[in-house]
Amino acid sequence: MIFLVRSDGKVLLQRRSPRQCNFPGLLGFVQLFHVTFGESYEQAARRELKEETGVLASLTYLGKFAYRVPPENEIVAVFSCRSDDPIRIDPAESSEASFHTTDEVNAIAASERAAPWLRRGWKILADVTISPE
């Protein structure tokens with residue numbers, strides 16, 4: 001999971017494509033990614049960030065958590081990055097993307113509109129101060 005944060009402190013949320021088999025149409029961060037054989041978590045995160053947003057940015061590792069909501073059973077690595085670059089979404093993955101204040105993300109994470117892993121990842125990021133540069 002990758003949190004993309006702009007210099008004004010707003011965080012990117014993406015709506016999962018309605019074509020996604022798991023949790024279609026729900027809001028999440030730059031989507032969860034799968035690590036391929038021989039790839040590190042950071043390499044997979046960098047690859048996914050580029051594929052899903054078109055952004056190349058330095059990543060900061062924030063932690064991991066176990067995630068189990070059938071049919072998913074995964075270990076999720078959480079990263080953040082800062083970028084003001086334009087966003088280009090992958091329509092196979094996301095139907096829309098927009099930036100939100102921390103208060104807005106708090107409300108979304110607590111709602112039924114959020115993908116189930118969003119709450120856990122957001123808590124990890126919230127423990128790290130998101131502030132404008």
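These legends accompany an overall view and several close-ups of one predicted protein model.

Figure 1. Welcome to the overview. The protein holds three helices and six strands, and from the N terminus the elements follow the order β-β-β-α-β-β-β-α-α. Helices (H or I, at least four residues) and strands (E, at least two) are DSSP runs, numbered from the N terminus. Residue numbers start from 1 along each chain as its sequence is written. Because the model is predicted, local features need pLDDT of at least 70 and side-chain atom pairs count only at pLDDT 80 or more, while totals for chains, interfaces and linings use all residues; side-chain values use heavy atoms, with hydrogens and water left out.

**Figure 2. Overall dimensions and surface.** Along the principal axes, the C-alpha atoms fill a box of roughly 40 × 35 × 30 Å. The radius of gyration is 14 Å, which agrees with the value near 14 Å for a compact globule of 133 residues. That radius is taken over C-alpha atoms, and the globule rule is 2.2 Å times the number of residues to the power 0.38. Buried residues make up 47% of the 133 residues, where buried means under 20% relative accessible area, exposed over 50%, and partly exposed in between (1.4 Å probe, protein chains only). The protein exposes about 6900 Å², and carbon and sulfur atoms supply 52% of that area. Accessible areas come from the Shrake-Rupley method with a 1.4 Å probe; for residues, only the protein chains shown count as cover. Among contacts between residues at least 6 apart in sequence, 63% join residues at least 24 apart; contact means heavy atoms within 4.5 Å.

**Figure 3. Helix α2 meets helix α3.** Here is the pair to zoom in on. The axes of α2 (residues 102-109) and α3 (residues 118-126) come within 9 Å and cross at roughly 145 degrees. Axes are lines fitted to C-alpha atoms, for helices over the stretch in contact, with angles running from 0 to 180 degrees between N-to-C directions.

**Figure 4. T102 in helix α2.** Take a closer look at T102, which is found in helix α2. T102 is partly exposed, with a relative accessible area of 29%.

**Figure 5. R16 and R82, two arginines in strands.** R16 sits in strand β2 (residues 11-16) and is buried at 7% relative accessible area. R82 belongs to strand β5 (residues 72-82) and counts as partly exposed at 33% relative accessibility. Although R82 and R6 are 76 residues apart in sequence, they are 5.5 Å apart in space, C-alpha to C-alpha.

**Figure 6. T36 in a loop.** The last stop is T36, in the loop between β3 (27-28) and α1 (41-53). At 43% relative accessibility, T36 counts as partly exposed. From T36 to W117 the C-alpha distance is 21 Å, and the two are 81 residues apart in sequence.
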